[in-house]
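Hello,

Here is the structure I promised to pass on to you. Have a look at it first, and then read on for my notes.

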Protein chains: 2
Amino acid sequence: MLNIALLGFGVVGSGTAEVLTENERLITARCGEQVNVKYILDLREFPDHPLGNRVVHDIDIILNDPEITLVAEMMGGSHPAYEFTAAALSAGKHVVTSNKEVVATFGVELLALARQHHVRYLFEASVGGGIPIIRPMQTDLASNEIIAVSGILNGTTNFILTKMKNEGAEFATVLKEAQAKGYAEANPTADVEGIDAARKIVILAALAYGVLLDPKTIPTLGITGITGLHTATAQKLGCAVKLIGHTERINGKIYAGVSPYLVPASNPISHVDDVYNGILVDTNMLGRALFYGAGAGKLPTASAVVADIIDILSHRAEERRLPDWRSATAEDVAERGEYACRRCYVIAGCPKCAEKARTLLGGESYISVEDGKYAIVSRVMRENEAEAALADSGLELLTCLPVLD
Amino acid sequence: MLNIALLGFGVVGSGTAEVLTENERLITARCGEQVNVKYILDLREFPDHPLGNRVVHDIDIILNDPEITLVAEMMGGSHPAYEFTAAALSAGKHVVTSNKEVVATFGVELLALARQHHVRYLFEASVGGGIPIIRPMQTDLASNEIIAVSGILNGTTNFILTKMKNEGAEFATVLKEAQAKGYAEANPTADVEGIDAARKIVILAALAYGVLLDPKTIPTLGITGITGLHTATAQKLGCAVKLIGHTERINGKIYAGVSPYLVPASNPISHVDDVYNGILVDTNMLGRALFYGAGAGKLPTASAVVADIIDILSHRAEERRLPDWRSATAEDVAERGEYACRRCYVIAGCPKCAEKARTLLGGESYISVEDGKYAIVSRVMRENEAEAALADSGLELLTCLPVLD
């Protein structure tokens, strides 16, 4: 019997218990022994749950029990999740987590702590919910240099953008509907402002480049400013508006940011709709690979937590190499101004103005979006180059979105 | 220095050498030591290649060299690839391969041999080219029961079907163009008749269910019979025609087969176009996950071979569990007649005939494809049920394709 403890018995925690129960037979076969949830740490009691008698309120009971070799942290938030994780690793226990905030903020330190205590710290569930992405990037793509990673990393905002596209509705209307359906939280800030996606893209950037950026400092723009004009422009250009976390190397430095993009239909990520997530990894040998699936939700996320549990318990005799991350310094980070891409500008005016904008932006053509509004897709350029080109042009700029090619 | 041998120096073999050279720095870091191609086994000489001096013509030189701990087999075809693989495993050498024919035919025996000699036999490159799928199914999806796997597993046929869709061209025309471009071989039988896809779907079925079916005996239909009428019907229904390898469990038995399907736009696999492959895995906890990327080609396939090399060499001190497959017996296999799905029938006649067919097939509606031709999508039913329903109806049946929901 392999004894584990669950920290947090909310959505993902109770989902993890459900996956362990539902798929017990195959999990036992894969681990070689039965996996037993000996403790559940939560502030609440769950008297009606079959595992209600496993609930404890004191982390030390778990830390001091030598039978516990693995702890699954699914508390959410930084504190006390970070402190409990550090304590568990220091006590020589493996830790798996779905907590992107802790990984994105304290990943360097916790991986070092795990290494020091000869245990593992796995976090497949922290990005893309149940979608396999963390482990494939470390193993299947290990033969490749990662050129860039671009992901739809937040299901709530993707649901909202998909609705806006399909129904021509405005952001505020769709947000209310998403909240009513439970797809968006009462306080949707972390989702709609791109904060959740920022945490996830810094984790993916660290996997790609070994350097963990501070998610609070990367350029982060959410979808609250997306309007019907953006959606209409996208449609005219055969694109979809998607909230994208993007990272790439620029002259040896690392750029990471979150922004709404126009994504052309030729990019497979443009077809990732509704609450689904999709992560496109650009590599130097394989080319592009897309990983698609349920990026959130109880059982999908729990399925990734349990995959990590199985990985550790089925190789428990071995010491495995952990990713070696370091914290970013100012020299590591490419500024927003250094990032070059095509951008779609919408201007107000006449065809003459549109032609002028097209010339200034090095675009191939302009198209009419609606009466007196024209869209121009620029050549690949930096934002400040584009701004300089348009300065003093007298053109009335309405919107600008980067294009994900 | 970690010495390895490459068997076969064709497209994938020379690609593997290229990946090892191009990404040498990161591969060395991941393996902990430099990887050195000590031997290349091929019938030919490569005097102008930088590694030309590594070419040998006698497998025994490799088998008898204790410095060689790993052999990468990329010869293609069953023989002598199978014999050389068996000999290498028996000599205590790890083997990685891109050879789907060998894995699909001799996988059970070779995995047992590897287990017996405490070495590993990995085959990530055998399905989906460079797309991570074999390892994710064994690790990331290990917490899930696999309900079904459906894949676009052959790039050549997907290129042809995409062209037929976009240009309204007929099969023979597009095949010629694909051959001229090098996307299809002079003898395209293995691709266009679905034989290549059949090998790949039995490998995926074995990963899902632990039982290896004989690829020669599963229902296999290629795309040579696909006409403009199929393409037009698909378009009318908002679907794409795709050659799909599909496996699922039916009443405890395993069904696996290859056939052209109509794939609705709501299924993410419908957007996998051109030479790309996409594999959709249906699971009981995560739901659906799609893996997408370059399913063939020199560097993509080689990138998967090298990922397997890194996996083995970076964990060389450990003994790892290998998949435990057994060969299918007659009782394991669900017959084609047991497989139920929606099917799209096109009939010739009048609206009255179409309404009659709709009733018999339990469809929701019928649509006009072109003058005097109507399409009806049946309810979920077995093929023989549908045939029985239509027997003696007097309806003139033109085409039938299963639908991948």
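Val102(B) sits in helix H5 (residues 100–116) of chain B. Please keep in mind throughout that this is a predicted model. Is Val102(B) buried or exposed? The cut-off for a buried residue is 20 or more other C-beta atoms within 10 Å; Val102(B) has 27 C-beta neighbours inside 10 Å, so it counts as buried. Leaving out residues up to four places away in sequence, Val102(B) touches Ser78(B), Ala81(B), Tyr82(B), Thr85(B) and Thr97(B). Glu83(B) is 19 residues from Val102(B) along the chain, and their C-alpha atoms are 9.8 Å apart.

The largest nonpolar core has 268 residues, and Val202(A) and Val202(B) are the ones that touch the most other members. If neighbours within four places in sequence are set aside, the contacts of Val202(B) are Ala104(B), Leu212(B), Leu213(B), Pro215(B), Ile218(B) and Ala256(B).

Now for the domains. Chain A is assigned domain 1 (2–130 + 298–327), domain 2 (134–294) and domain 3 (340–402). The centres of domain 1 and domain 2 of chain A, taken over C-alpha atoms, are 27 Å apart. Where these two domains meet, 19 residues of domain 1 of chain A are in contact with 20 residues of domain 2 of chain A. On the domain 1 side, helix H5 (100–116) and strand E13 (326–327) of chain A are the elements that give two or more residues. Of these, H5(A) gives the most, with 6 residues. That side of domain 1 is made up of 8 nonpolar, 6 polar and 5 charged residues.

Chain A also has an open sheet of 6 strands, paired in parallel and ordered E3-E2-E1-E4-E5-E6. Strand E3 (55–56) and strand E6 (121–122) of chain A form the edges; each has a single partner strand, so one side of each has no neighbour in the sheet. Within the sheet, strand E4 (residues 68–73) and strand E5 (residues 94–97) of chain A are joined in the parallel sense by 4 bridges. In this pairing, Glu73(A) stands opposite Thr97(A) in E5(A).

How do the two chains relate to each other? A rotation of 180° with 0.0 Å of shift along its axis places chain A on chain B, with an RMSD of 0.0 Å. This is the relation of a two-fold axis. In chain A, the C-alpha nearest that axis belongs to Phe291(A), at 2.6 Å.

The contact between the chains takes 42 residues from chain A and 42 residues from chain B. On the side of chain A, helix H1 (11–22), helix H2 (24–31), helix H6 (134–138), strand E12 (288–294) and helix H12 (298–314) each supply at least two residues. The largest share, 9 residues, comes from H12(A). By class, the side of chain A that touches chain B has 22 nonpolar, 10 polar and 10 charged residues. Since 100% of the interface residues of chain A are also interface residues in chain B, the copies meet through the same surface.

E12(A) and strand E12 (residues 288–294) of chain B run antiparallel and are joined by 3 bridges. There, Leu290(A) stands opposite Tyr292(B) in E12(B).

Happy browsing, and best wishes

Technical notes. Residues numbered from 1 in each chain as written. Chains lettered and ligands numbered in written order. Predicted model: local features only at pLDDT ≥ 70, side-chain atom pairs only at ≥ 80, totals over all residues. Least-squares fit on C-alpha atoms with pLDDT ≥ 70 in both. Contact = placed C-beta atoms within 7 Å. Nonpolar A, V, L, I, M, F, W, Y, C, P; charged D, E, K, R; others polar. Pairing = 2+ DSSP bridges. Core = buried A, V, L, I, M, F, W, Y, C linked by C-beta atoms within 7 Å. Buried ≥ 20, exposed ≤ 12 C-beta atoms within 10 Å, placed from the backbone. Domains from an automatic or database assignment.
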